[in-house]
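The following explanation leads through a protein model, from its overall build to single residues. Please keep the sequence and the coordinates in view while reading.

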Amino acid sequence: MLNLARVLNEVIPQGYYVGGIVRSSLLRRPSSDLDIALPPQDVRTAAQELGRRLKAAVFEMDPELGVWRLVTHKEKIQIDLTAYQGKDLKADLLRRDFTFNALAYPVAALPQITITPRKNDTAQLRLTKIQRKQIVDYSGGLKALAEKVIDRSNPQVFREDPLRMLRAFRSAAELGFSISSRTLLQIKKDRALISLPAGERIHEELERLFATSKAYENLILMDQCGLLTALFAELEPQRKCAEVYYGKGGVLKHTLEVFRRMEYLLDHLDKAFAKYAKKLAPYAQNKPLFKMAALLHDIAKPATAKVQGDRLRFFYHEEKGAQMAKAVLERLHYSRADIRLICAMIGEHLRPSNLASNDVITDRGAYHFFRDLGDAAIPLLLLCWADYASYVTDAQLRRILPKSGQRMMSLAQAQKTANIGKTLRHMQVLTLLLQKFFDTPKKVQPARLITGRDVMDALGLPPSPKIGSILEAVAVAQVEGKVSSKEEALAFIRALPREK
């Protein structure tokens, strides 16, 4: 069995475990990063010898910084050997981002290394049997860990790499730590620099932040520092827009509240949709994507705001919002599939509200909704739930949630209880749509009874857009229970008026 600590000690006794592996190990958390700092002249030789001893792939990652990476073939252990950044270990540690990452532990101290392999992924590692007196700490990292505080190691850290500002909030969310006041003040001073890192690096940090259950509270902190709208300049106009309707903070206040409700929903599907929670779980696995949709869903409200009579309206803000969101997501290097999904959610997020304006939601109406939205239909319903829930208080939400799965109340009944009644009815509409989708799928996603070739043969028609229209008429007839077999479908189309 591989004794990794012993092999490392035999090859690089002068090295130091640094960064995340030390911090995570002290917190008794596994890490996929095994970083070892060495004098610059030792790195290349050490990497090659370790590669031979560990039967690992070896390659130089960054010639300028002197970084070599090794990946073992069997356990998929990843080791990064890095030259001191500065004249010695002390200078290297003091240049790191946060004090709890500016800790080192001697390879020669021979800690135990527990290795947890992961299928098709990098192994998880943890240093154990660490002797605290051997820990190298020049900046108070141990104190920060004990107090659960994220503290910048020096005033230059964000200028050296602006992404560290976002990393502070991501780390706080992942670890459940607070951020020191001097670090927040430094972020406020340096916030404009956040536009400099590559979009994919920002995307990665946001993904990790949004994957936690503490993304909302850190988003609020980011906004207080000015980092949120430095990162998403498109959100700043929301702050003063529609304050008469949403209160101080305007549309941005509403946006952040929708984000909060989305975070709650994804963590509590069983409370929002008790009957369908298990069926919805696979759809809601990508928490970061749904939270990003919530953050951007009303991005175009300021650009479309118009006073009509005594009301403030936002005509076509959903369509404009999809266009604006696309530009933001492309800037952050989201995949084409994710951009399509988020933009579909934003561009159609008023559809369920439009359905709710009718006292009865027919199978035909539900069919058109699921047909038009396709893969975005269920994600859109989750976004709408978060949007509707943002208009009631926490206490009101707790009161109406048990009723949201009940039979849809009438428009007249909803109007009797003003805002809370409207929200409850909208939630009941969402439940009804889920009921139709999961319990009676043939009503909203009917299997095709005939093909385009069947239509052309039966009616003697050449290929044309008319064929698609006829097939759509058959699908609607299926939903309404008028046809249920191929023979009935053929009879149905033969009975259609020729001009139609």
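A residue is called buried under 20% relative accessible area, exposed over 50% and partly exposed in between, with a 1.4 Å probe and protein chains only. The model is a predicted one, in which local features need pLDDT of at least 70 and side-chain atom pairs count only at pLDDT 80 or more, whereas totals for chains, interfaces and linings use all residues. Residues are numbered from 1 along each chain as its sequence is written, and side-chain values use heavy atoms, with hydrogens and water left out.

The overall build comes first. The protein chain has 29 helices and 13 strands; these are DSSP runs numbered from the N terminus, helices being H or I with at least four residues and strands being E with at least two. Along the principal axes, the C-alpha atoms fill a box of roughly 85 × 55 × 40 Å. Of the 500 residues in the protein chain, 51% are buried. A contact means heavy atoms within 4.5 Å; among the contacts with a separation of 6 or more, 69% are made by residues 24 or more positions apart. The accessible surface of the chain comes to about 24300 Å², and carbon and sulfur atoms hold 50% of this surface. Such areas come from the Shrake-Rupley method with a 1.4 Å probe, and for residues only the protein chains shown count as cover.

The interior can be described through its nonpolar cores, each a set of buried Ala, Val, Leu, Ile, Met, Phe, Trp, Tyr and Cys residues joined through side-chain atoms within 4.5 Å. The largest nonpolar core has 138 residues, and those with the most contacts inside it are L8, Y17, I79, L81, F232, M292 and W385. Helix α22 (residues 377-389) gives the largest share of this core, 11 residues. Leaving out residues up to four places away in sequence, L8 touches P13, Y17, L34, I36, L50, I79, V107 and I113.

A pair of aromatic rings is described by the distance of the centres and the angle of the planes. Rings of Phe, Tyr and Trp (its six-membered ring) pair if their centres lie within 6.5 Å; planes under 30 degrees apart count as stacked, over 60 as edge-to-face and the rest as tilted. The structure holds 12 aromatic pairs. In one of them, the centres of the rings of Y264 and W385 are 6.4 Å apart and the planes are at 15 degrees, so the pair is stacked. Because Y264 lies in helix α13 (residues 250-267) and W385 in helix α22, the pair ties together parts that are 121 residues apart in sequence. Y264 is partly exposed, with a relative accessible area of 24%, whereas W385 is buried, with a relative accessible area of 0%. F437 and F438 form an edge-to-face pair, 5.0 Å centre to centre with 85 degrees between the planes.

The charged end of R23 sits over the ring of F100, 5.3 Å from its centre. For K301, the charged end sits over the ring of F314, 4.9 Å from its centre.

Which residues does the side chain of H349 meet in polar contacts? A polar contact is a pair of N or O atoms within 3.5 Å; within protein, one must be able to donate a hydrogen and the other to accept it, and residues adjacent in sequence count only if both atoms are side-chain atoms. The side chain of H349 makes such contacts with the side chain of D298 (3.5 Å) and with that of H317 (3.4 Å). H349 lies in the loop between α19 (336-347) and α20 (351-356), and H349 is buried, with a relative accessible area of 3%.

Backbone angles close the account. Most residues other than glycine have a negative phi, and most peptide bonds are trans. K129 has a positive phi, near 55 degrees; K129 lies in the loop between β8 (121-128) and β9 (136-137) and is exposed, with a relative accessible area of 63%. H333 has a positive phi of about 60 degrees, and this residue is partly exposed, with a relative accessible area of 48%.

How values were computed
Lys NZ or Arg CZ within 6 Å of the ring centre and 35° of its normal.
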